[in-house]
Amino acid sequence: MKSPSDAVALTPRLLTSGGFDLLYREGMTLIEEVAAYLDGEGRGESKGLSRDAAFLYATESMRLTTRLMQLASWLLLQRAVNEGEISPEQARSEKSKVKFSALPSDRGGPGWDDIPETMKAYIAKGDRLFERVVKFDRIERGEDLPPEPEGENALSAQMDRLKAAFGGR
């Protein structure tokens, strides 16, 4: 049986390979889509919401925008490293200034069911992308990750992470 230290480190390779290009495009595309939505269709949809839903929509819009800007900073720094514009050490120094906000552990409450489905979908996409980038960042910094799930779902969880990392849906 192999120990965790025998595992192949995929993250450094992903960050310097075509896999990063997919992650970068996914992140930047999501940022553009969310900005267009919030400035257009989302603005119209939010006007018809109840008071509770409108408050929650505004809160989630700010959270999502904040997380996406944090992601953009991280992605742009990593891209600069990959293109040789800055050193990995410079990027680590700059990335340390990017403080990732925590994902809300629980969503819902009064008004959640009234939030437009498009907004909920963008929140979910943003959360998944954010979790991937935070994990890459922690690995790059040499931090320990929480233990992976054991048992019959462990393979499924690994496959899901691989699909997500390499742009699969």
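1. Helix α4 (residues 51–82) packs against helix α5 (residues 88–95) at an angle of about 170°, and the two axes lie 9 Å apart. Since angles over 145 degrees count as roughly antiparallel, α4 and α5 are therefore roughly antiparallel to each other. These values come from a predicted model.

2. On the α4 side, the contact is made by Trp74, Leu77, Gln78 and Val81. The α5 side contributes Pro88, Ala91, Glu94 and Lys95. Sorted by class, the contact of α4 with α5 has five nonpolar residues, one polar residue and two charged residues.

3. Glu60 also belongs to α4. Is this residue buried or exposed? Its relative accessibility is 2%, and buried means under 20%, so Glu60 counts as buried.

4. Leaving aside residues up to four places away in sequence, Glu60 touches Arg107, Trp112, Met119 and Ile123.

5. As for the fold as a whole, the protein chain has seven helices and zero strands. Along the sequence the pattern reads α-α-α-α-α-α-α.

6. The protein chain has 169 residues, of which 34% count as buried.

Definitions and conventions. Residues numbered from 1 in each chain as written. Predicted model: local features only at pLDDT ≥ 70, side-chain atom pairs only at ≥ 80, totals over all residues. Heavy atoms only, no water. Helix = DSSP H or I, 4+ residues; strand = E, 2+ residues; numbered from the N terminus. Buried < 20%, exposed > 50% of the residue type's maximum accessible area, 1.4 Å probe, protein only. Contact = heavy atoms within 4.5 Å. Axes fitted to C-alpha atoms, helices over the stretch in contact; angles between N-to-C directions. Parallel < 35°, antiparallel > 145°, perpendicular 65-115°, else oblique. Nonpolar A, V, L, I, M, F, W, Y, C, P; charged D, E, K, R; others polar.
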